[in-house]
Amino acid sequence: MPIVTPAFRIFIVEDNEWYGQLLAYRLNQNPDYTVTRFASAQECLSQLAQKPDLISLDYGLPDMAGDEVFRRIKVQLPDVAVVVISAQEDVRTAISLLRQGAYDYLVKDEDTPDRLWHVAGNVQRQVTLRRENEQLRQQLGQATDPRRTLLGCSPQMQQLQGLIEKAARTNISVSLTGETGTGKELVAKAIHALSEQRTGAFVAVNVAAIPRELLESELFGHEKGAFTGAVSRRVGRFEEAHQGTLFLDEIADLDFSLQSKLLRALQEREVYRVGGNSAIRFDARLIVATHHDLAERVRQGAFREDLFYRLLGLPIALPPLRERGDDVLLLAKAFLRDFATRNNLAVHSFSPAACLKLQQYAFPGNVRELKAVVELGAVLAEGDTVEPVDLQLRPTSPAASPETAAPLRAQVASIVQRCLDANQGNILQAAAQLCIGKSTLYRMLQNKEVYIK
Ligand SMILES: Nc1ncnc2c1ncn2[C@@H]1O[C@H](COP(=O)(O)OP(=O)(O)OP(=O)(O)O)[C@@H](O)[C@H]1O
């Protein structure tokens, strides 16, 4: 099966029209790059669902401070390479941004377009290698054992694992719902990896991220000359997914006319390329996902009812992270261990107060946000322990309010005490559950903040 390499997407965020054009002109010399320009931070942030591979970010945008834009990008897309471009050299800012995960820091001068070109080449090579790696692993059938990749022990997650296994036994369509970052794509991949289709490709399309006029040819492909710009024949995502799994993310955003075409394709089990006459057989499992209430969309007349029922298949609702109890700490610990190992960092645990801060936060961005918060926390931590100050949560969180900060010590002690009691005073077990070192527990005992009853 061929390795499928999607376009390499680059965002240029630059309020100086002329300079933005200059950078785009240089990068567009590589026909494999899809370059999009934005004049403001807000415009760029609103389009992150397109999942760019590289962002060239002007540090002095008029509508938002550079470090804030950087932080928001990294919360949503922790893996994207961000190259910060600044009008003047500021070593402190550069170091701080690089520590927080910026890919590079360039100062604006006449060589910048060439240096950006060079950096883009490096990033593209890394991204291509990573994608090929993932696809090869999947094709070898070694990919994603959901028990290893989909972490969580809460009853909600156990129920989810059961549904994934049921879905994998047949080729039933699956409709996933859940807030952003709850793991819908991960679940789709897990179903694929456990199913008979695992030797075929897993093809993911984010319907909301592709402009309407390009989506039809993205899904169904096109023949050479089908429209202006169709310089060669293109195989659509349906064809690529043949005998594998097609994952359509953000399905609620599908345009009405494309809804009819999708329905026809599913009923007939065949598709036509744009500008083509011959039917192409399509046999793949379909998984759709949305963070909207699709039934409500049907009631509003924005989504076809017949298509809704055809897509519904086995509905699986993913719970928000804040409803998964202790999974927050379990996931945080796993992400910390993983990030520290990959980056050779000594940091290995969270202080009790840091655990409490994580448990009290609502995580509107769910697991994706937790992962970004933990990784940044690992970078910011001074010693081997992540402290509350290292956890950069959004200000709306209750954890940030002064009322919760004041009795923090007492609350920590009460949580630790409850955990000690639940473990019949077993310090090792309690420390492991709380993700803290046993020395912290001994110190709290010594200070009479907690007791062994
Ligand atoms: N239970 C989990 N265990 C480990 N990692 C998880 C879990 N759930 C989600 N993740 C990680 O969180 C991130 C977001 O997950 P994913 O992209 O699957 O979410 P999503 O619901 O599809 O998001 P969106 O609606 O924004 O597309 C990914 O890095 C994923 O690997």
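**Ligand shell and helix packing**

Q: How many residues of the shell around the ligand are charged?
A: By class, the shell divides into five nonpolar, seven polar and five charged residues (Ala, Val, Leu, Ile, Met, Phe, Trp, Tyr, Cys and Pro count as nonpolar, Asp, Glu, Lys and Arg as charged, and the others, Gly among them, as polar). This is a predicted model, in which local features need pLDDT of at least 70 and side-chain atom pairs count only at pLDDT 80 or more, while totals for chains, interfaces and linings use all residues. Residues are numbered from 1 along each chain as its sequence is written. For the charged class, the number in the shell is five.

Q: Which residues come nearest to the ligand?
A: Around the ligand there are 17 residues, each with its C-beta atom, placed from the backbone, within 6 Å. Helix 8 (184-194) and helix 16 (366-380) each supply at least two residues of this shell (helices are DSSP runs of H or I, at least four residues, numbered from the N terminus). Those that come nearest are L151, G183, K184, E185 and V367.

Q: Between which domains does the shell around the ligand lie?
A: The domain bounds come from an automatic or database domain assignment. Because both of these domains give residues to the shell, it lies between domain 2 (146-319) and domain 3 (324-446).

Q: How do helix 14 and helix 16 lie relative to each other?
A: Helix 14 packs against helix 16 with the axes 9 Å apart and at an angle of about 50°, the axes being fitted to C-alpha atoms over the stretch in contact and the angles running from 0 to 180 degrees between N-to-C directions. Under 35 degrees counts as roughly parallel, over 145 as roughly antiparallel, 65 to 115 as roughly perpendicular and the rest as oblique. The arrangement of helix 14 and helix 16 is therefore oblique.

Q: How many residues in the contact of helix 14 with helix 16 are nonpolar?
A: Helix 14 contributes V328, L331, A332, F335, L336, F339 and A340, which meet V367, L370, K371, V374, E375 and A378 of helix 16 (contact means C-beta atoms, placed from the backbone, within 7 Å). Two of these residues are charged and none is polar, and the nonpolar ones number eleven.

Q: Which residues of helix 15 meet helix 14?
A: The axes of helix 14 (residues 327-343) and helix 15 (residues 352-360) come within 9 Å and cross at roughly 120°, so this pair is oblique. From helix 14, V328, L329 and A332 take part, and their partners in helix 15 are C355, L358 and Q359.

Q: At what angle do the axes of helix 7 and helix 8 cross?
A: The axes of helix 7 (residues 155-169) and helix 8 come within 8 Å, and the angle at which they cross is roughly 45°.

Note on methods:
Two residues are in contact if their C-beta atoms, placed from the backbone, lie within 7 Å.
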